[in-house]
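Subject: Structure handover

Hi,

My notes on it follow below.

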Amino acid sequence: MVEYSLAVIAGDGVGPEVVAEGRKTLEALAGSGGPGFRFTEFPWGSAFYRETGRLMPEDGLELLSGFDAILFGAVGDPEIPDHITLHGLLLPMRRGFDQGVCVRPAYLYPGVTSPLSGKQAGDIDMVIFRENTEGEYAPVGGRLNVGTAYETVIQSNVFTRRGTERIIRAAFEHCLLRQRRNPGRRSKVTSVTKSNAQSFGMVFWDEVFGEVAAEYPQVETESLLVDRACMDFVRWPEDFDVVVASNLFADILSDIAAVVSGSMGLAPSANINPGREHPSLFEPVHGAAFDIMGKGIANPLATISAVAMMLDHLGEPAAAARVEAAVARCLEERRVLTADLGGGASTAEMGDEAARLVAGG
Ligand code: NAI
Ligand code: MG
């Protein structure tokens, strides 16, 4: 039997609560003829920082490098500044493992109500491709004369041809795949920038988008400014198919896409190392969710859908389809739902239900 090695970093806040349910899904899969997983837990995050002064050990990436994949929960602590937690754990993994392609689907499932009126199941069905290693999140900049009247702060954006071309090409390739899977559907790639204001990096992005688009004449394209795109995500989200944007813009857009599709607790994210030299990382889009952590009410389906994306990446499409089908059935049947979807179930109860459905219940 195949057995994959999985590094598990549950992290902070609701991370451990939802990652436990992701593991449950994988155990249910293994118990019913699916691929097996060997789990190794890494207790990194804010508690580790309090003990050691670091979010992860200095050789953290080396420790992870031999694994087939990483399952991640969230990082963030009410008492530790967010830039320390994010730059101490998640961003070094995305950069160090060259996970330049972040894939974030948003789908309005049958059984789920969008906060936007009149949206039916399937009306929202988009995939956001987020550049994941550079752009606005590159740790390039500095502070001079701190605390004085002459204080000067520089935060630079980094756009490389390699990184920009790679994410845009990945978006086009995915659009072709969606066309093949669903030939009747209108398909297009939307690029989102702010090139009217950011006249170096974003103008460069637009140029690369034009060059790559020319290689895909069969794909419809569109370019939007980010403020307009935010508006359109709310007023006509059905208009989007594949969306490609920089690190910051796609981060913001993927939260909008998640909430208009019913809940932050449903949106998965795959951080892919396209060259497969390093492990890829799978996680929910949401963060530590301070307002609900410790209550056992976080929706685990974002993490379980991320597990499905991981199975697909590992070359287990049948197992991925079983997990996706379990998520869809759990939502459509509406028997066991967490509070964000109008139910009264706990995280563990919803995870049990998903596991039961995965096992063929
Ligand atoms: P958040 O994503 O943690 O929460 C936003 C809202 O969505 C909250 O109202 C929360 O209750 C809700 N929500 C999130 N996950 C949910 C789930 N599974 N089920 C039901 N509702 C859910 O974003 P926020 O509040 O901006 O950030 C909190 C902390 O998390 C901060 O420290 C931030 O830096 C960190 N963060 C970490 C991320 C990561 O590790 N990938 C991503 C985003 C934020
Ligand atoms: Mg985010």
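A salt bridge here is a side-chain nitrogen of Lys or Arg within 4 Å of a carboxyl oxygen of Asp or Glu. By that rule, a search of the whole structure gives 32 salt bridges. Keep in mind that this is a predicted model.

One of the salt bridges joins E21 to K24. Their closest N and O atoms are 2.7 Å apart. Why does the spacing of E21 and K24 along helix α1 put them about one helical turn apart? Both sit in helix α1 (residues 15–30), and they are three residues apart there, so about one helical turn separates them.

Domains

The protein splits into two parts. Domain 1 is made of 1–100 + 269–361, and domain 2 covers 125–260. Their C-alpha centres are 25 Å apart. To the contact, domain 1 brings 10 residues and domain 2 brings 11.

Together the domains bury about 930 Å². Carbon and sulfur atoms account for 48% of that area. On the domain 1 side, R94, R95 and G100 stand out: they supply 49% of the area that domain 1 buries against domain 2, more than any other three residues.

What about polar links across the boundary? Two salt bridges are counted between domain 1 and domain 2. The side chains of R162 and D98 also form a salt bridge, with N to O at 2.6 Å.

Which helix gives the most to the side of domain 1 that touches domain 2? That is helix α4 (residues 82–96), with four residues. By type, the residues on this side of domain 1 are three nonpolar, four polar and three charged.

Ligand site

Ligand 1 has 20 residues around it. The ones that come nearest are D82, G287, A289, D291 and N299.

- D82: an N or O atom of the D82 side chain is 2.6 Å from an oxygen atom of ligand 1.
- A289: a polar backbone atom of A289 is 2.7 Å from an oxygen atom of ligand 1.
- N299: a backbone N or O atom of N299 lies 2.9 Å from a nitrogen atom of ligand 1.

So much for my notes. Over to you.

Best wishes

How values were computed
Residues numbered from 1 in each chain as written. Chains lettered and ligands numbered in written order. Predicted model: local features only at pLDDT ≥ 70, side-chain atom pairs only at ≥ 80, totals over all residues. Heavy atoms only, no water. Domains from an automatic or database assignment. Contact = heavy atoms within 4.5 Å. Buried area = accessible area lost by both parts, 1.4 Å probe. Helix = DSSP H or I, 4+ residues; strand = E, 2+ residues; numbered from the N terminus. Nonpolar A, V, L, I, M, F, W, Y, C, P; charged D, E, K, R; others polar. Near = heavy atom within 4 Å. Polar contact = N/O pair within 3.5 Å; in protein donor to acceptor, adjacent residues only side chain to side chain.
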